[in-house]
Amino acid sequence: MRGFGLVLCVGLCLLNLTERADCSDYIREIQQKAIEDNKADFGHWGHEPSNYKSWGSHSNRLIPVYTFGTLNAPDGVDLRSYTGKKSPYRSETELQRIYGRVPPDTLNDQAEYLDQTNLFQIQQAGFAKGKKYVFLVVFDGMDWQTTRAAAIYKTQRIAYTEGRGTGFHFQDYTANGTSQFGYMCTSPHNEGTQVDTNLQSVLNPGGTLFGGYSVSLGGPNAWTAGSDLLYPISGNKEGPIRHAYTDSSSSAVSMTAGIKTYNNGVNVDYAGNQVPTIAHLLQEQGISVGAVSSVPISHATPASAYAHNVHRDDYQDLTRDMIGRKSISHPDVPLPGMDVVIGGGFGDNRLVAGNPRKSTAGENFVPGNAYLTDADLEAIDVENGGKYVTSIRKPGVAGKAALQQAAERAAKEGHRLFGFYGVGKYAGHLPFATADGDFVPTIGRSNRAEEYEPADLAENPSLSDMAAAAMTVLSKNPKGFWLMVEPGDVDWANHDNNIDNSIGAVISGDAAVKTITDWVEQHSNWDESLLIVTADHGHYLVLEKPELLIQPR
């Protein structure tokens with residue numbers, strides 16, 4: 001009977017009949033039918049309208065940037081320091097600094113956009129010019145089109161066709177009139193770099209395809225397509241220009257370390273040399289630093305807040321850097337470690353001998369959890385003389401309450417905080433919330449849908465809970481703090497061509513943003529606080545008939 005009801009509901013929804021159909025979860029039904037038919041009238045991923053899932057990776061689209069606490073701030077903090085006539089893409093000198101060369105068809109004397117590396121400069125300038133609290137929220141994989149699709153669903157109307165948009169807290173919140181909006185280029189230094197993880201060396205500096213951005217081929221802003229639909233995915237091998245699109249590690253490094261690097265590199269330059277991140281620089285000044293994520297703790301984005309490695313998949317070593325343990329990249333003197341690390345990865349024991357990805361983990365990989373060894377977890381725990389109060393997912397224990405209790409203890413006793421959660425059988429990420437707020441995903445590109453047990457929901461905190469716990473600990477430092485928050489599930493949803501999961505991920509990520517702005521309003525102000533909300537890269541969602549994302553009547 002459910003199958004018949006699904007077909008009936010989808011049919012009524014897509015026909016947009018005047019009488020309301022029983023489509024309370026109509027986005028789920030649209031998604032399922034789109035996968036089954038490989039076509040959807042509302043849109044598709046990739047350049048082929050007749051193929052719903054023709055593309056499942058990233059793109060070289062320009063990406064929105066929302067800032068708070070920046071308008072009319074000192075030069076270097078105000079977003080206008082890097083946009084319009086001050087865009088680095090209008091300057092050969094700036095392009096040479098960013099890319100190490102002037103990429104072909106990239107210099108643009110009409111450019112309005114900034115570069116991703118400018119976000120590092122904003123954060124650095126913020127602290128240098130009086131900011132005490134800086135937040136970097138990275139919606140992994142959320143481009144302008146993904147945000148618009150989610151906003152249409154959330155508001156049940158098409159409220160904008162360009163610009164900043166409306167519907168979400170990060171779009172509508174003004175931060176007492178200090179918020180700004182722009183968009184940036186995320187192209188990497190290069191794609192195709194080969195490395196030796198064991199030796200921590202780059203084998204072919206420069207890779208096989210360089211980065212850059214052609215405004216004519218890619219489009220002048222985040223919402224206007226260019227002349228070549230294959231260009232954003234480096235797909236037109238016969239075209240006049242090809243530029244690499246970024247992965248999550250390269251793009252995160254641009255924001256945390258201020259350099260362009262190769263895809264898969266974590267806080268190393270194109271030749272494999274280690275570079276400091278904003279967190280390292282601030283920590284040297286006595287400022288506390290933290291990172292939280294809805295996906296595993298040492299995935300590309302959170303790892304790029306602090307760790308060093310020539311390859312993003314050397315997860316255990318990346319975690320070691322984040323928690324102050326000796327690693328393949330710091331074998332003699334470990335990094336100091338972050339003050340707060342909270343994320344997923346719990347229960348993911350799939351990376352074992354014989355797994356192809358083990359080669360990128362290196363010869364020192366320890367069988368067991370892919371992200372955290374038992375020995376490292378034991379060593380960092382305050383109960384064993386370590387620096388961290390640890391909060392680990394446990395059977396029958398409410399995740400939100402346990403994490404907050406651990407945070408309060410760490411804050412009271414002057415310890416660090418480490419949180420480790422997730423659903424192990426699904427690579428350790430937090431449960432995916434779908435568009436209607438439940439946790440019942442349907443099939444995507446993989447033709448599989450995740451199914452959660454009640455315990456998966458009860459025993460895990462939300463990303464908002466993680467952010468709140470982090471601020472509980474970090475705010476005890478009178479000198480201030482820096483915090484990265486990653487809603488990482490947007491990326492996973494878009495990789496899976498799953499509009500239901502994608503919308504749900506944007507909604508849950510927006511809730512984490514509001515947790516941050518609520519904290520600022522209660523404990524600080526926008527003169528001494530700075531928040532950047534952005535994405536590391538885009539995917540390639542194309543909205544053909546966005547009105548079909550509105551529930552029919």
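Biologist: Is R97 buried, partly exposed or exposed, and what is its relative accessible area?

Modeller: This is a predicted model, and R97 counts as partly exposed in it, with a relative accessible area of 39%. The label follows from two cut-offs, because buried means under 20%, exposed means over 50%, and partly exposed covers what lies in between.

Biologist: With which residue does the side chain of R97 meet in a salt bridge?

Modeller: A salt bridge is read from a distance, here a side-chain nitrogen of Lys or Arg within 4 Å of a carboxyl oxygen of Asp or Glu. In this case R97 meets E94, with 3.0 Å from N to O. Both residues lie in helix 3, which covers residues 92-99, and they are 3 residues apart, about one turn of the helix. E94 is partly exposed too, at 27% relative accessible area.

Biologist: Which residue does E413 pair with, and where do the two lie?

Modeller: E413 forms a salt bridge with R409, and their closest N and O atoms are 3.1 Å apart. Both belong to helix 14, at a spacing of 4 residues, again about one turn of the helix. E413 is partly exposed with a relative accessible area of 43%, and R409, at 30%, is partly exposed as well. Elsewhere, salt bridges that share partners join D317, R320, R325 and D376 into one network.

Biologist: Which parts of the chain does the pair of D465 and K400 link?

Modeller: The side chains of D465 and K400 meet in a salt bridge at 4.0 Å, N to O. This pair links distant parts of the chain, since D465 sits in helix 16 (residues 463-474) while K400 sits in helix 14 (residues 399-413), 65 residues apart.

Biologist: How many salt bridges does a search of the whole structure find?

Modeller: The search finds 19 salt bridges.

Biologist: What radius of gyration does the chain have, and what would a compact globule have?

Modeller: A compact globule of 553 residues would have a radius of gyration near 24 Å, and the chain has 22 Å, so the two agree. Buried residues make up 63% of the chain. Among contacts between residues at least 6 apart in sequence, 71% join residues at least 24 apart.

Terms used:
Residues are numbered from 1 along each chain as its sequence is written. This is a predicted model: local features need pLDDT of at least 70, side-chain atom pairs count only at pLDDT 80 or more; totals for chains, interfaces and linings use all residues. Side-chain values use heavy atoms; hydrogens and water are left out. The radius of gyration is taken over C-alpha atoms; the globule rule is 2.2 Å times the number of residues to the power 0.38. Buried means under 20% relative accessible area, exposed over 50%, partly exposed in between (1.4 Å probe, protein chains only). Contact means heavy atoms within 4.5 Å.
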